[in-house]
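Hi,

Here is the structure I promised to pass on.

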Amino acid sequence: MVRVSCALCGQQAESEDVPLTWMTSVEDGRKLVYCDRCARENVRSIEGKLDPVYW
Ligand SMILES: [Zn+2]
């Protein structure tokens, strides 16, 4: 069983399915998932395709 984990903080989901509160993003052909907290913090850079200068 492969659990999804947050691309930023590494937090693992509690199941194989991506939780509804999490966000998925395709970057460089790879599917990345972000937990609810990271998604909220990075929603601007993800949706705006801005450089993640503050990471
Ligand atoms: Zn996270």
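Where does D28 lie? D28 sits in the loop between strand 1 (23-27) and strand 2 (30-34); helices (H or I, at least four residues) and strands (E, at least two) are DSSP runs numbered from the N terminus.

Some housekeeping before the rest. This is a predicted model, where local features need pLDDT of at least 70 and side-chain atom pairs count only at pLDDT 80 or more, while totals for chains, interfaces and linings use all residues. Residues are numbered from 1 along each chain as its sequence is written, and side-chain values use heavy atoms, with hydrogens and water left out.

D28 has a positive phi of about 55° although it is not a glycine. Most residues other than glycine have a negative phi. D28 is also exposed, with a relative accessible area of 81% (exposed means over 50%, buried under 20%, partly exposed in between, using a 1.4 Å probe and protein chains only).

As for the fold, the protein has 1 helix and 2 strands, in the order β-β-α along the sequence. Of its 55 residues, 27% count as buried.

Now the metal. The zinc ion has C6 (SG), C9 (SG), C35 (SG) and C38 (SG) as its protein donors, 2.3 Å from it. Donors here are N, O and S atoms within 2.8 Å of the metal (3.2 Å for Na, K and Ca); water is not among the atoms, so sites may look incomplete. The angles among the 4 donor atoms run from 103 to 116°, and the site is tetrahedral (four donors, all angles between 85 and 135 degrees). The donor spacing in sequence is C-x2-C-x25-C-x2-C.

In soluble globular proteins, nonpolar side chains tend to be buried together. Leaving out residues up to four places away in sequence, A13 touches R3, V4, P19 and W22 (contact means heavy atoms within 4.5 Å).

Cheers

Notes:
Four donors count as tetrahedral if all angles lie between 85 and 135 degrees; four count as square planar and six as octahedral if opposite donors are over 155 degrees apart and all others between 65 and 115; anything else is irregular.
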